[in-house]
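Dear colleague,

I am handing over the structure that we spoke about, and I would be grateful if you could look through it before reading my notes below.

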Amino acid sequence: MRLSNGEVLLCWPLDIHVLTQGWYYNNGDLHQAVDLRTQIGTNYKRPVFAAEDGTVDQTQDWDGHTKTGMQSYGNMVRIKHSPYKGMTLQTRYAHLSSYCVKYGQQVKEGDIIGYSGITGNVFGAHLHFEVILNGKRTNPLTWLDGDYTLATGKEYQFNRGEHSVVIPDADKKPAASPAETPSTAPAAEEGKTIQAMLIGPLTAAEAAAFDAMAVESGLADDRYVKLAVDAEGKMFMRAATLTGMDAMRMYALAQTKGLKDKYFSEYVG
Ligand SMILES: [Zn+2]
């Protein structure tokens with residue numbers, strides 16, 4: 001999104017924000033991208049979100065074996081955003097298991113463009129994310145907010161002074177009201193705003209159960225979005241800008257309906 005000071009704040013392309021390799025790899029080699037964790041347990045196919053509004057200006061299908069050149073990206077999507085200070089701004093998402101957008105398609109920030117995977121030149125599942133300014137790769141962490149953790153603590157982040165996105169007060173989200181009652185749910189961290197809640201993959205029956213939960217918990221409004229259906233008919237849902245109380249209600253309901261394992265949530269302080 002464009003901030004009131006003209007800066008660009010990209011949204012995280014995944015629901016979890018764990019840096020596994022930075023602008024420099026942990027061995028010191030130049031990476032010119034970030035790698036983000038995608039795997040929890042055995043599940044490595046997570047929805048990948050467009051980092052900002054834009055137009056898909058490149059897609060690539062992996063041939064299934066080549067690990068050099070452009071094919072090292074595997075299944076890949078690139079998006080062209082509005083120019084930044086007159087310069088072309090693009091983002092690239094690589095090693096996808098599949099993508100669900102076409103060349104020339106317009107996307108909105110947060111739209112699902114595909115699913116993370118292990119295609120191309122990879123040792124393990126992750127999302128390789130690039131930010132390209134006027135054709136040159138720049139450190140993605142300088143375009144994202146600070147809401148992330150490091151996989152090992154050794155990952156390169158950015159040099160002093162390099163982190164460029166200054167969020168004006170006017171663009172900051174208002175603080176959440178403290179939780180009303182204590183709860184045993186993990187979402188019960190008082191005074192925290194949940195940034196996003198993601199549920200999936202869901203079968204059609206689970207999705208229907210989830211819709212009912214959203215109504216019961218008073219979330220069946222514009223905060224609650226049915227996101228996408230993948231090739232196997234599995235659905236993902238997302239809700240954003242929930243209070244801790246909303247999140248607790250949803251978690252409690254998810255528990256009673258046997259959907260607890262499919263519930264991911266994230267907080268901002
Ligand atoms: Zn990478």
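This is a predicted model: local features need pLDDT of at least 70, side-chain atom pairs count only at pLDDT 80 or more; totals for chains, interfaces and linings use all residues.

Residues are numbered from 1 along each chain as its sequence is written, and side-chain values use heavy atoms, with hydrogens and water left out.

The zinc ion is coordinated by His31 through NE2, Asp35 through OD and His128 through ND1, at 2.0 to 2.1 Å; donors here are N, O and S atoms within 2.8 Å of the metal (3.2 Å for Na, K and Ca), and because water is not among the atoms, the site may look incomplete. In sequence, these donor residues follow the spacing H-x3-D-x92-H. Asp35 lies in strand E2 (residues 34–36) and His128 in strand E9 (residues 127–133), so the pair ties together parts that are 93 residues apart in sequence; strands (E, at least two residues) are DSSP runs, numbered from the N terminus.

Asp35 is buried, with a relative accessible area of 5%, and His128 is buried as well, at 7%, where buried means under 20% relative accessible area with a 1.4 Å probe and protein chains only.

Glu130 is also found in strand E9 and counts as buried at 0% relative accessibility. Its side chain makes polar contacts (pairs of N or O atoms within 3.5 Å, one able to donate a hydrogen and the other to accept it) with the side chains of Tyr73, at 2.7 Å, and His128, at 2.8 Å.

How values were computed: Helices (H or I, at least four residues) and strands (E, at least two) are DSSP runs, numbered from the N terminus. Buried means under 20% relative accessible area, exposed over 50%, partly exposed in between (1.4 Å probe, protein chains only).
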